[in-house]
Amino acid sequence: MYNSKIIGLGKYLPENVVTNDDLSKIMETNDAWIQERTGIKERRWIKDGTEDTSAVMGAKAAKIAIERSGLAKDDIDFIVFATLSPDYYFPGCGVQIQDMLDMPTIGALDVRNQCSGFVYAISVADQFIKTGMYKNILVIGAEYHSNGLDKTTRGRSVSVIFGDGAGACVLSREEDNNKGILSTHLHSQGKYADKLIVESPSIGHWVPELKEAGDDDTSYFPYMDGQFVFKNAVVRFSEVIMEGLAKNNMQKEDIDMLIPHQANLRIAQFIQKKFGLNDDQVFNNIEKYGNTTAASVIIALTEAWEEGKIKEGDNVVLAAFGSGFTWASAIIKW
């Protein structure tokens, strides 16, 4: 069997920067309150009238990743696209990428696992490469949150957290089984699905009902039980990281770089302290971009690599926890 190796990385963020002070003008909140609870200073929100969508941002990030990989678009054998905010209810964004990048009629798969979506997506791609079915796979995480948030005081506990953006990587066949993605670990616990959820549209609450409900129906806005999510996140993050290390006969001290999902800076700091990692061993950028859900890990990974914080031979750990509940990790020998 083969391993898969990341050979190209790319990211794209909308130009429009929304600071905490900007939010204080449209809802009852302030910079100190947001930073204290989340670590976020600003985020990117797509500006009305621009072309950006989840698929468009994904395509922009993908072009950069493919160019950096040294491959041509026609060398890509398959597409995996992770998002909770597709351009359409159906079809998914993967097929839009195939069209936008003018690729051959290759397969395209969408992953709907929210905050852990990108780690799930590279796990899927990794298995296709391991078995020899495909050689080069484009994996994308992208989110357009800002057009689906309750931007009033009523929704401030959620809306201040999320931002828009996209990241992408090219996975390619690696014959050295000591390099590339060494293992991935995926989990879920659906009994807590209602703790972080968008209820509508759904089978029981479809478009006609939404139209009739008017502004009083909040079921189509994100809901989160923040404290419950936080308590579960810190436990599951630790468990799934340790699971990956144990699988590869590694210890905490073997981690060169941890890229956690950018959900809340306090969660990342808790995990950093628990694992005894210094600031150079954990990469966070939530203060600039907020929580970009399925895009957060790949944006952070790309940025860490661009800044020279990941070098050949490093042990890189990706970890995420989010709605579902779902959580996941990946152990990579760079």
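Helix 8 gives the largest share of the lining of the second largest pocket, 6 residues. Helices (H or I, at least four residues) and strands (E, at least two) are DSSP runs, numbered from the N terminus. A pocket is an open set of points on a 1 Å grid over the protein atoms alone, where a 1.4 Å probe fits, with protein on both sides within 12 Å along at least five of seven lines; lining residues have an atom within 4 Å of a point. This is a predicted model, in which local features need pLDDT of at least 70, side-chain atom pairs count only at pLDDT 80 or more, and totals for chains, interfaces and linings use all residues. Residues are numbered from 1 along each chain as its sequence is written, and side-chain values use heavy atoms, with hydrogens and water left out.

The volume of the second largest pocket is about 480 Å³. Such a volume is the space filled by probe spheres set on the grid points, which are joined across faces, edges and corners. In total, 23 residues line the second largest pocket, and I161, M224, G226, Q227 and N264 are the closest to its centre. At least two lining residues come from each of helix 2 (31–38), helix 8 (226–247) and strand 12 (315–322). By class, this lining holds 13 nonpolar, 8 polar and 2 charged residues. Here Ala, Val, Leu, Ile, Met, Phe, Trp, Tyr, Cys and Pro count as nonpolar, Asp, Glu, Lys and Arg as charged, and the others, Gly among them, as polar.

Now the largest pocket. Its space comes to about 1,000 Å³. The lining of the largest pocket has 31 residues, and L84, S85, R112, V198 and S200 lie nearest the centre. That lining splits into 16 nonpolar, 12 polar and 3 charged residues.

Return to helix 8 and its packing. The axes of helix 8 and helix 9 (residues 265–275) cross at roughly 45° and come within 10 Å. Helix 8 is therefore oblique to helix 9. Axes are lines fitted to C-alpha atoms, for helices over the stretch in contact, and angles run from 0 to 180 degrees between N-to-C directions. Angles under 35 degrees count as roughly parallel, over 145 as roughly antiparallel, 65 to 115 as roughly perpendicular and the rest as oblique. The two helices cross in a right-handed sense, meaning that the near helix is turned clockwise from the far one by less than a right angle. On the helix 8 side, the contact (heavy atoms within 4.5 Å) includes F230, F237 and L245. Helix 9 meets them with residues including R266, F270 and K274. The classes in this contact are 11 nonpolar, 1 polar and 2 charged residues.

Helix 3 (residues 54–69) packs on helix 4 (residues 93–100) at about 50°, with axes 9 Å apart. This pair is therefore oblique as well. Helix 3 also passes helix 4 in a right-handed crossing. S54, A55, V56, G58 and A59 of helix 3 touch C93, Q96, I97 and M100 of helix 4. This contact has 6 nonpolar, 3 polar and no charged residues.

Finally, check the backbone. F90 and P91 are joined by a cis peptide bond, with omega about 0°. P91 sits in the loop between strand 4 (78–82) and helix 4. Another cis peptide bond links G324 to F325, with omega about -25°. F325 lies in the loop between strand 12 and strand 13 (326–333). Q114 is not glycine, yet its phi is positive, near 50°. Q114 belongs to the loop between strand 5 (107–111) and helix 5 (117–130).
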